[in-house]
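Subject: Handover of a structure and notes on its features

Dear colleague,

Please find the structure below, followed by an account of what was found in it.

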Amino acid sequence: MERRWVASARRCWGPWILWLLPALAGGQHLPGGDKEVTVTGVRGRAVELSCGTGPVEPSVVFWSFAPGATWPLVTTGPPRAVAASQGREVMVAPGAGTLGRVTLRAGTLELRELRAGAQGRFLCQGLFPERGRQHLGYHSVLLRVLVPVSKPFVQPSAAAVAEGTAVALSCAVREGTEPLSFSWQHREPRGGPSVSPPLGTVGARAELNLAPANRSHLGWYVCTVGNQVNSQASEPIYLDIVYGPDAPAITVEPFSPETGGFSAGEREDVVLSCRAPSNPPSRYVWLHNGSQVHVGQTYVMAAIARAQAGTYTCLAENPHLQTRTQASVVLTVYYPPAGSPSCSATATTDLRAVALRCHWPGGFPLAELRWVGLVPPGDNEEVTGTSVSMATSIQPGAATSNGSSFSCLASHPALPRGAVCGITLWVPAGGPSCVVAATKGDEYVMLRCRWEGGTPAVTLRWRDAGGHFLGDPSPSVAVLVLSTGGSLRGRDFICAAAHPLRAGGAECRLRLDVPALEAESSEVVVLEGDEARLACRRHGGDNLGATMAWYDPREQEVTAGMATKYHLERGRTWLNLTVADAEWPRDAGTYRCAAANTVGSASLAVRLRVERYPAPPNVTISKLRYTRARTEVRLQWRTHGTGNLTGFVVQRRPAKKLPRRVAGLWETAAGDIEPESRDRRLGGLDPAVLYAFRVLAVNHRTAGHPSEVQTPGEVGGGTHWSMESSVGFRVNRHKLPPLWAPPILVLGAASSPPVLLTRGYFVT
């Protein structure tokens with residue numbers, strides 16, 4: 001390649017290049033070039049190499065290069081051409097791209113985007129003009145290429161180590177011109193200050209040895225590497241030091257130490273906390289008398305009870321090292337009886353006295369209880385002596401006034417202020433209330449008597465009209481269930497109420513009967529097409545499973561799932577039936593409202609009368625003709641006689657024209673025509689079909705007699721006669737163009753009765 005390049009240069013520059021060839025082995029030093037010059041460059045950047053230091057630029061220059069990988073430089077191969085120039089003409093050797101981007105200006109060789117392979121000896125040879133002659137000289141440049149430091153990476157010997165063992169972190173770079181400098185920074189996990197631990201450096205890597213490792217070494221480590229070009233820092237790497245758990249320390253709140261442990265009062269909130277330094281953090285388990293009760297560092301016992309007294313052990317575990325430590329404390333709970341004393345009052349069996357009971361079991365020692373009564377002006381009068389856990393006092397009803405109050409006083413060594421419960425004897429206002437309800441399936445009737453309130457509660461009991469008691473007495477609420485298999489209709493039942501402080505009794509009674517029905521109107525009259533509303537309401541029998549239904553004139557029950565003809569509106573005690581779009585005579589007749597409950601049924605008839613609207617006046621067609629190419633006709637009509645009307649309807653069908661063809665059914669060509677209108681344009685006609693038209697007047701749902709049937713005539717002069725007959729003939733006259741055609745006789749199919757259609761034209 002170099003030979004071809006020299007040959008090319010020889011062809012381009014003629015004999016000048018021959019002057020340079022002998023100088024490869026000898027020549028004279030250029031001014032300032034009596035010794036080799038050392039130049040330093042950085043890979044990836046630019047460097048300039050000058051051919052001597054004289055003020056005269058060479059007319060011809062030739063640069064060559066001998067590589068050298070090590071420093072101090074030792075060339076490892078023969079020199080090779082790099083670039084040459086003669087005047088403004090410059091030629092770069094083909095292989096010069098391995099040195100960088102090569103340019104040559106005025107004898108100065110510039111290497112941009114310098115590569116590491118450009119390190120070596122560069123030789124510049126040139127012809128310099130001197131006193132009218134060309135002087136041959138050379139200049140040698142030693143180029144050293146520095147490589148920047150790459151981003152270092154850190155590799156620990158282990159990501160996590162146990163405390164007391166050795167660990168090493170190594171820092172290395174892929175490239176960078178030596179000598180390299182290394183430094184380490186350590187930062188605690190919670191963002192503490194960075195420190196620089198000692199390190200050992202070996203060439204392009206450094207090691208940080210921690211032997212033995214302790215918990216202070218835990219945290220982030222960063223390695224920084226630099227040379228005379230640049231410096232780079234590694235990504236932080238986390239070193240985990242595993243240790244612990246240390247011996248747990250237990251604290252108790254509230255702090256109440258005693259011999260052998262701690263104490264707390266009943267219902268106090270007690271907090272046990274345990275701390276055992278460890279990494280990873282300790283897993284805490286609390287044991288109560290050897291049984292696990294909680295997992296976590298803090299165990300909160302809200303409103304501690306006596307059953308929670310005993311030995312509490314905190315077990316701390318390091319899940320990584322699988323090591324455990326533990327500590328225990330003894331907790332004693334002093335307690336009175338659970339809760340507070342309870343006071344109650346019940347009527348005696350004969351309903352003439354009140355039994356006062358005070359109960360507070362448990363505790364150590366047992367609580368002492370006694371009843372006292374309130375005596376004006378507020379002093380307590382002792383009613384009974386002192387008892388343990390339970391105290392009872394009987395108060396005669398006749399001697400106790402309504403609103404009397406009594407208190408039960410409790411004393412216990414653990415309660416400096418003691419405890420108390422009170423009760424007030426009173427009779428509720430009003431009286432008993434009775435209700436009746438049917439059970440599922442209407443198999444039973446349930447009578448319920450209620451009179452809530454009072455101390456003691458009111459005693460209730462059911463009896464029949466003959467005075468026979470039914471069921472057992474009960475406080476506040478009495479329920480009696482009766483089977484519907486017997487005759488219950490019209491029977492009376494009484495609920496009797498009694499209270500020790502009430503001199504006389506009280507009662508309420510129920511009568512079992514079927515519901516009574518009431519209609520808004522016994523007869524409803526509407527016009528055809530209107531909406532009819534039938535209203536029905538029931539009275540009584542509400543709680544006996546009462547149901548309501550409507551039946552139509554055909555005695556079929558009207559349900560919500562039926563067609564849109566009927567609509568039901570239902571309330572708790574009423575049911576309304578709406579008949580939409582009433583038709584005569586289909587919807588007219590007698591409708592029945594029915595109600596039933598557990599003890600019987602009842603019904604009520606309501607008549608619906610549907611009346612028709614009066615017939616509208618008759619209609620005749622006054623004009624019918626085509627307006628454009630037999631696709632549109634204009635129709636005019638007029639009415640005869642009196643009568644209300646709400647609109648008109650225009651009908652059409654194909655006229656009987658072709659052999660063996662009978663006219664089809666009438667179809668609506670225009671509907672909902674305003675009653676004031678007497679004119680209509682009808683489009684969308686088939687030009688090949690001859691249509692027949694008729695007009696009907698409409699009064700709501702009532703249609704009048706149809707007009708005579710006519711077919712349209714052509715636009716122009718003349719008259720068109722059309723006759724159509726099934727029973728007789730209808731003859732219509734229209735103006736037509738002066739054309740003529742022979743009459744046509746059309747017969748129906750063999751299976752159909754004969755139909756005669758005669759048509760002809762004549763000129764007037």
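In these notes a residue is called buried under 20% relative accessible area, exposed over 50%, and partly exposed in between, with a 1.4 Å probe and protein chains only. The model is a predicted one: local features need pLDDT of at least 70, side-chain atom pairs count only at pLDDT 80 or more, and totals for chains, interfaces and linings use all residues. Residues are numbered from 1 along each chain as its sequence is written, and side-chain values use heavy atoms, with hydrogens and water left out.

Surface patch and the sheet beside it

Val479 has a relative accessible area of 44% and is therefore partly exposed. This valine belongs to strand β41 (residues 477–483); helices (H or I, at least four residues) and strands (E, at least two) are DSSP runs, numbered from the N terminus. Together with Tyr444 and Val481, Val479 makes a nonpolar surface patch of about 260 Å². Patches are made of residues with over 30% relative accessible area and no salt bridge, like charges being joined within 9 Å and nonpolar side chains (Val, Leu, Ile, Met, Phe, Trp, Tyr) within 5 Å. Accessible areas come from the Shrake-Rupley method with a 1.4 Å probe, and for residues only the protein chains shown count as cover.

Strand β41 is part of an open, antiparallel sheet of three strands, ordered β37-β38-β41. Two strands are taken to pair if DSSP finds at least two bridges between them. β37 (433–438) and β41 are the edge strands, each with a single partner, so one side of each has no neighbour in the sheet. Neighbouring strands here are turned by 20 degrees against each other on average, direction ignored; axes are lines fitted to C-alpha atoms, for helices over the stretch in contact, and angles run from 0 to 180 degrees between N-to-C directions. Strand β38 (residues 444–450) is joined to β41 by seven bridges, and the two run antiparallel. Tyr444 stands opposite Ser483 of β41.

Salt bridges

Side chains of opposite charge can pair when their charged atoms come close. A salt bridge is counted when a side-chain nitrogen of Lys or Arg lies within 4 Å of a carboxyl oxygen of Asp or Glu. This rule gives 28 salt bridges.

One of them joins Glu36 to Arg121, with the closest N and O atoms 2.5 Å apart. Glu36 lies in the loop between β1 (28–29) and β2 (37–42) and Arg121 in strand β9 (residues 120–130), so the pair ties together parts that are 85 residues apart in sequence. Glu36 is partly exposed at 37% relative accessibility, and Arg121 is partly exposed at 29%.

Another salt bridge is formed by Arg215 and Glu163, at 3.1 Å from N to O. Here the link runs between two loops 52 residues apart: Arg215 is between β16 (205–210) and β17 (219–226), and Glu163 is between β12 (160–162) and β13 (167–172). Arg215 is partly exposed at 33%, as is Glu163 at 31%.

Arg652 and Glu667 also form a salt bridge, their closest N and O atoms being 2.8 Å apart. These residues sit in two strands, Arg652 in β55 (residues 647–654) and Glu667 in β56 (residues 667–673), 15 residues apart. Arg652 is buried at 16% relative accessibility, whereas Glu667 is partly exposed at 40%.

Backbone geometry

Most residues other than glycine have a negative phi, and most peptide bonds are trans. Trp71 and Pro72 are joined by a cis peptide bond with omega of about 5 degrees; Pro72 is in the loop between β4 (60–67) and β5 (80–86). The bond from Ala211 to Pro212 is likewise cis, with omega near -5 degrees, and Pro212 is found in the loop between β16 and β17.

Ser476, which is not a glycine, has a positive phi near 70 degrees. Ser476 is in the loop between β40 (469–475) and β41 and is buried, with a relative accessible area of 16%. Asp581 also has a positive phi, of about 50 degrees. Its place is the loop between β50 (574–579) and β51 (589–597), and Asp581 is partly exposed at 31%.

With kind regards
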